[in-house]
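Q: Could you walk me through this model, starting from one local detail and then moving out to the whole chain?

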Amino acid sequence: MSTRADRLAELLSERELDCLLVSDLTNVRYLTGFTGTNGAAVVSADERLFLTDFRYVERAAAEVREFERLPAGRELLKDLAPRLSGRAGFDDEHLSVRAHRRLADALSEGVELVPAGGLVERLREVKDEAEVTAMAEAAKLGDSIYEYLVERGLVGRTEREVAVDLEREMRLRGARDPSFPSIVAAGANGALPHAEPRDVEIPRDTLVVLDLGCVVDSMCSDCTRTVATGEPSSEALEVYELVRRAQAAALEAARVGIPCRDVDAAARSLIEGAGHGERFGHGLGHGVGLEVHEGPRLTKTAEGELRAGNAVTIEPGVYVPGEVGVRIEDLVIVGEDGLRNLSGFPKALVTVG
Ligand code: ZN
Ligand code: ZN
């Protein structure tokens, strides 16, 4: 069985790199299993090196199995530089200019630093079975939080009270953390795609956008539902139905091999057709994994196509400024034999008292 580091080594030869320095902590964690806050790795065709400082030596001994572990000072790059050779790729999206300069100063003769960001991220886009299992569990926990919300109710509570309550409940039910600060946004506040929960009571007869996720075994989930508190206006209900149809159309379109931008278009064309194109100001979806936002992106201008093993959200929204917002988001796994939708809470409009 090839390890993640083996697959990375294959990508290196495609890029004509002799080794890759991995310094971004999420990427280090993905490759090595290390969960501390100071670690770096070097991967080449025949070497797997891992460095951390004295604070994490014991943790690394327990977590990092497939890499040779080397002791280092807190400034890992200084100790790591002599281990680089030939054309050495580095993560240009994550390494600061200052760190790059220090690294360059400590290199051996003849070593060339080559920008090579995105290689580990590319591997991370395709999930393995264990990752999918963890994400499915995280999504299921998220579903149970929505059910809890229906029992607890919304009307008369503030957005912030509800958000705090939902996150506490996530932890009680086994999530390590929320994947991101939960969104609870009623009425016109729901028209801001990244609304922050306010100290404002949620009224009757409006729509409320809720966006939440859980972290289970380091993997994130992400799910948005828009619910009603009583009887919203007919305009609000129309927008809801439009977003629901657009979301269904994108789910229908998503499959292995389809260009990412075409999945976005499947939802966007319906929303544009209804005259709300300008009110769907974000991309259709994004990859989810160790981080809640990763590749691939499903946007109007996205390059590339969906691959088997991608875990992406499908989340169209329509935001009518000053009035109402609707977003519906599922987390799906793209497979050779179709989509597996991890989000189970109903999408027919649910009323929460
Ligand atoms: Zn979300
Ligand atoms: Zn999302």
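A: Pro 296 sits in strand β14, which spans residues 294-298; helices (H or I, at least four residues) and strands (E, at least two) are DSSP runs, numbered from the N terminus. This is a predicted model, in which local features need pLDDT of at least 70, side-chain atom pairs count only at pLDDT 80 or more, and totals for chains, interfaces and linings use all residues. Residues are numbered from 1 along each chain as its sequence is written, chains are lettered from A and ligands numbered from 1 in the order in which they are written, and side-chain values use heavy atoms, with hydrogens and water left out.

Q: What kind of peptide bond joins Gly 295 and Pro 296?
A: That bond is cis, with omega at about -5°.

Q: Which loop holds Glu 16, and is Glu 16 buried or exposed?
A: Glu 16 belongs to the loop between α1 (4-14) and β1 (19-22), and its relative accessible area of 59% makes it exposed, where buried means under 20%, exposed over 50% and partly exposed in between (1.4 Å probe, protein chains only). Although Glu 16 is not a glycine, its phi is positive, about 55°.

Q: And what about Asp 205?
A: Asp 205, also a non-glycine residue, has a positive phi of about 60°; it is found in the loop between β8 (183-186) and β9 (207-212) and counts as partly exposed at 42% relative accessibility.

Q: Switching to the whole protein chain, how many helices and strands are there?
A: The protein chain has ten helices and 19 strands, and 55% of its 353 residues are buried.
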